[in-house]
Amino acid sequence: MANLRQAQKQMTRRLLLESGLELFTSKGYAATKVDDIASAAGTTRVTFYAYFPSRSDLMRALIDERLNEALRRVRSPEHGSTAQDLVATVAEGTTEAISLWLRSAADSWPEIRPIIRAGRDAAAVDPELRDLVERWLEEAISDIEDGLTAAGRFAPHQRRFRGVLAMAELDYVAQHWGDTDWKITREQMLDELSAGWARLLT
């Protein structure tokens, strides 16, 4: 019976997260109220607050759990979260490894794009969330820096900034791919992105 109760709790929490993301995406964070999320999840405001102290906490959970899960990021005492495969890819430093990692990351864009967009929308109106997406980007930049450090490539003062440039490229393309006509195929885009990363990181 305890296992059934635990499964029901997990399902309710998952429904609240999914409903919140859907509403943040369709209505916008500012226009979405706790009652809207609870109703969309088939539950009540009281139940919502049993799982999340506020709408901000639900948004935080989407970034900390859903986004990190989609990108295979795990907890890290040094950076908050880390993607060991990204660190290893950068340390290896071959164009082939970079290309494989970027292609794998691109497969997750449809899942991560709504979360990041909702996070940025939320950060614009909720002071508690101002650093939410930027903190996640900083953690990814730290992964690149760690990979360059492990490989001994570039001077220490160059490593972080090269990570900043690489993540800026990736984030911009990930957020806009499919919404704009860049007159380039997906394969061509990934080839160009891989070449850009290889120039910066190898």
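Modeller: Beginning at the N terminus, the elements of the chain follow the order α-α-α-α-β-β-α-α-α-α-α-α. Please keep in mind that this is a predicted model.

Biologist: Why is the pair of phenylalanine 48 and phenylalanine 52 called tilted?

Modeller: Their ring centres lie 5.8 Å apart, and rings pair if their centres lie within 6.5 Å. The angle between the planes is 45 degrees; stacked requires under 30 degrees and edge-to-face over 60, so the remaining term, tilted, applies.

Biologist: How do you know whether phenylalanine 48 is buried or exposed?

Modeller: The relative accessible area of phenylalanine 48 is 0%. Buried means under 20%, therefore phenylalanine 48 is buried. Phenylalanine 52, at 2%, is buried by that rule as well.

Biologist: What makes the pair of tryptophan 101 and tryptophan 197 stacked?

Modeller: The planes of tryptophan 101 and tryptophan 197 meet at 20 degrees, with the ring centres 5.6 Å apart. Planes under 30 degrees apart count as stacked, so this pair is stacked. Tryptophan 101 belongs to helix α6 and tryptophan 197 to helix α10, so the pair ties together parts that are 96 residues apart in sequence.

Biologist: Why does tryptophan 101 count as buried?

Modeller: Its relative accessibility is 13%, and the cut-off is under 20%; therefore tryptophan 101 counts as buried.

Biologist: How do you know that arginine 55 lies over the face of tyrosine 29?

Modeller: Arginine 55 is 4.0 Å from the ring centre of tyrosine 29. The distance cut-off is within 6 Å.

Key
Residues are numbered from 1 along each chain as its sequence is written. This is a predicted model: local features need pLDDT of at least 70, side-chain atom pairs count only at pLDDT 80 or more; totals for chains, interfaces and linings use all residues. Side-chain values use heavy atoms; hydrogens and water are left out. Helices (H or I, at least four residues) and strands (E, at least two) are DSSP runs, numbered from the N terminus. Rings of Phe, Tyr and Trp (its six-membered ring) pair if their centres lie within 6.5 Å; planes under 30 degrees apart count as stacked, over 60 as edge-to-face and the rest as tilted. Buried means under 20% relative accessible area, exposed over 50%, partly exposed in between (1.4 Å probe, protein chains only). A charge sits over a ring if NZ of Lys or CZ of Arg is within 6 Å of the ring centre and within 35 degrees of the ring normal.
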